[in-house]
Amino acid sequence: MEHILLYALGAALVGALSTNLMVAPVTRLAIALRALDHPGERRIQTVAVPRLGGVAIVLGLTLGTGGAAVTMWGRIGTATGRAELLAWIFGLGVVFLVGVIDDLVGVSASRKFFFQFVAAWPLVHLGWSFEVLRLPLVGQVDLGIFAEPVSLLWIVGVTNAINLLDGLDGLAGGVVTIISVSFLGLAIMQGNAGTVILMAALAGACCGFLRHNWEPARIFMGDSGALTLGFLLATTAVHSSLKARAAVAILVPILALGVPVMDTLMVMAVRFLDRPKSALAD
């Protein structure tokens, strides 16, 4: 495991450096394409801020993960089936592409949800689902026929939970960094080399991005980053539960993702209560 940790450190450094260097050209690209978040009632900034930061993060994550993955392919390439790996890459690609389009021209919420389900379904169909939950104090809960629906809702829900955190300086990037480090610790305990490398690169990429995202933020990650990172964390949580030998496999994802999930529920509740009443309701 020691040499894996060295590779993980390298992946984190490459991810951080690559993302940091890519932010400047991505910022100029976002300004040229008018992909900007303007001040408004739900925004605290006083000037327009570019919102394509997710492109820099994904590039840094890809470079950080790619180098270590190629070097260690003999060990991590056999841990996940080819079909599962392709389905996971397909899902990430779909979510990232939808996020980029939304940052550039906008995508309706219903279409975003649709494509998120399209991205998640192949993975769930191939077995990435919570078949059994092992919860502390509760014991084993067999989901049965609800395994796939629950897993789909989990992936789509967490994807959007991370997205709702974007818009406040450093919030989404900071939360994702904390969650990725938590998953990194779980992956080390499970001896899952691929997830160790991936989470290390993700933490590094987010740290490289946060340098430009602290108040006052010079760039936001936008949907291209928030949706992609949310999908990545959600699927990682499901995959970690498949290799679980104890209750900690589901406890760690719940604790790590508790903040964004609760934030999502609170935002939905507030928006529901604050929505205008119809004439019939009066």
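A search of the whole structure, which is a predicted model, turns up 3 salt bridges. Here they are side by side.

| Salt bridge | N to O distance |
|---|---|
| Asp-37 with Arg-51 | 3.3 Å |
| Lys-112 with Asp-102 | 3.4 Å |
| Asp-223 with Lys-112 | 3.0 Å |

Let's start with the pair formed by Asp-37 and Arg-51, whose side chains meet at 3.3 Å, N to O. Asp-37 sits in strand S1 (residues 36-37), while Arg-51 is in the loop between strand S2 (49-50) and helix H2 (53-71). This pair links distant parts of the chain, 14 residues apart. Both Asp-37 and Arg-51 are buried.

Now for the lysine in the table. Lys-112 forms a salt bridge with Asp-102, with 3.4 Å between the closest N and O atoms. Because Lys-112 lies in helix H5 and Asp-102 in helix H4 (residues 82-104), the pair ties together parts that are 10 residues apart in sequence. Both of these residues, Lys-112 and Asp-102, are buried.

The side chain of Lys-112 also meets that of Asp-223 in a salt bridge of 3.0 Å, N to O. Asp-223 belongs to helix H9 (residues 222-242) and Lys-112 to helix H5, so this pair ties together parts that are 111 residues apart in sequence. Asp-223 is buried, as is Lys-112. Taken together, Asp-102, Lys-112 and Asp-223 are linked in a network of salt bridges.

Next, the nonpolar side of the picture. The largest nonpolar core holds 65 residues, and those touching the most other members are Trp-154, Ile-155, Met-199, Leu-202, Phe-231, Leu-232 and Leu-233. Elements giving two or more residues to this core include helix H1 (2-32), helix H6 (147-165), helix H7 (171-190) and helix H8 (193-213), along with H2, H4, H5 and H9. H8 supplies the largest share of the core, 11 residues.

Finally, a word on confidence. The chain averages a pLDDT of 80, and 76% of the residues score at least 70. Helix H5 (residues 109-125) has the highest confidence, at a mean of 94, and helix H10 (residues 248-256) the lowest, at 49. Over residues 245-251 the pLDDT stays under 50, and the model has 15 contacts beyond four places in sequence for this stretch. Residues 277-282 also have a pLDDT below 50, with 1 contact in the model beyond near neighbours in sequence.

How values were computed
Residues are numbered from 1 along each chain as its sequence is written. Side-chain values use heavy atoms; hydrogens and water are left out. pLDDT is the predictor's confidence in each residue, from 0 to 100. Helices (H or I, at least four residues) and strands (E, at least two) are DSSP runs, numbered from the N terminus. Contact means heavy atoms within 4.5 Å. A salt bridge is a side-chain nitrogen of Lys or Arg within 4 Å of a carboxyl oxygen of Asp or Glu. Buried means under 20% relative accessible area, exposed over 50%, partly exposed in between (1.4 Å probe, protein chains only). A nonpolar core is a set of buried Ala, Val, Leu, Ile, Met, Phe, Trp, Tyr and Cys residues joined through side-chain atoms within 4.5 Å.
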